[in-house]
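Let's take a friendly walk through this structure together. Have your viewer ready, and follow along from one contact to the next.

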Amino acid sequence: TILICTSLFGLTACAGSDGDVEALSAQVAELTEQLEGANDEIAELEAEKAEQSAEITSLKADLETLRAEKIALESEKVSLEEEITNLETETARLKALMDGNSTALLEEISKLEEQVETLEAKVASLNSTKEDLEARIVRLNDTVTNLEALVGEINEASAKKDEEIAALRNCLKDIHSFKDGICIICGKESEKAYT
């Protein structure tokens, strides 16, 4: 909070006339109001930046989880494809051994073919799930990119407000209100003593 001259003598020491004192007081009040407004805007920008940064962190964690899930699905798919290849090889071997009259062999082949169909359906399901995960990863990457751009804009706005505040403070340093030989605004010593 910026202090203002509290005594007529102090005001006279700052400016020299009532009109000058009133003008300086009005200028101090206006600059103080601008400074407080800028501080409020910076606080809002910082809060928004913190919220967006937390959301980015959460989304990145979700993204890593999805990537891990995708890797696990790809590994499972490879395993199932190997199992399908083995079953198809076994089916071909049994068909080669079959003489056409063996009911047991026909039933075993039928079971193996059913297993192959079931595994192929699982692979198709895994492929669909993988595609969905890849689409979600793309969307999350886009969201993270957008949020990081927004945080960049917030940082730029905050930096501009910091510059405005610095300018306001520099302006206020040129307005002195001496009391007991010390300016109550900036702490500067007066050039001559007052009694």
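Residues are numbered from 1 along each chain as its sequence is written, and side-chain values use heavy atoms, with hydrogens and water left out.

The side chain of Glu-134 meets that of Lys-70 in a salt bridge, at 3.2 Å from N to O. Because Lys-70 lies in helix 2 and Glu-134 in helix 3, this pair ties together parts that are 64 residues apart in sequence. Lys-70 is also partly exposed, at 22% relative accessibility. A salt bridge is a side-chain nitrogen of Lys or Arg within 4 Å of a carboxyl oxygen of Asp or Glu. Side chains of opposite charge can pair when their charged atoms come close.

How many salt bridges does the structure hold? The count is 5. Another of them joins Lys-60 and Glu-148, at 3.1 Å from N to O. This pair links distant parts of the chain, with Lys-60 in helix 2 and Glu-148 in helix 3, 88 residues apart. Lys-60 is partly exposed, with a relative accessible area of 38%, and Glu-148 counts as partly exposed at 38%.

A further salt bridge brings together the side chains of Glu-64 and Arg-67, at 3.1 Å from N to O. These two residues are separated by about one helical turn because they are 3 residues apart in helix 2. Glu-64 is partly exposed at 48% relative accessible area, and Arg-67 is partly exposed at 34%.

Now let's turn to some buried positions. Gln-52 sits in helix 2, residues 18-97, and is buried, with a relative accessible area of 12%. Which residues does Gln-52 touch, not counting those up to four places away in sequence? They are Leu-147, Leu-150, Val-151 and Ile-154, where a contact means heavy atoms within 4.5 Å. Ser-158 belongs to helix 3, residues 103-173, and is buried at 7% relative accessible area. Leaving out residues up to four places away in sequence, Ser-158 touches Ile-42, Leu-45 and Glu-46.

Stepping back to the whole chain, the secondary structure comes to 3 helices and 2 strands, and the pattern along the sequence is α-α-α-β-β. Helices (H or I, at least four residues) and strands (E, at least two) are DSSP runs, numbered from the N terminus. Buried residues make up 26% of the 195 residues. Among contacts between residues at least 6 apart in sequence, 73% join residues at least 24 apart.

Finally, a word on confidence. The chain averages a pLDDT of 79, and 77% of the residues score at least 70; pLDDT is the predictor's confidence in each residue, from 0 to 100. Where is confidence lowest, and where is it highest? The lowest mean is 40, in helix 1 (residues 8-14), and the highest is 87, in helix 2. Over residues 1-15 the pLDDT is below 50, and this stretch has 32 contacts in the model beyond near neighbours in sequence. Where pLDDT is low, the predicted coordinates should not be read in detail.

How values were computed: This is a predicted model: local features need pLDDT of at least 70, side-chain atom pairs count only at pLDDT 80 or more; totals for chains, interfaces and linings use all residues. Buried means under 20% relative accessible area, exposed over 50%, partly exposed in between (1.4 Å probe, protein chains only).
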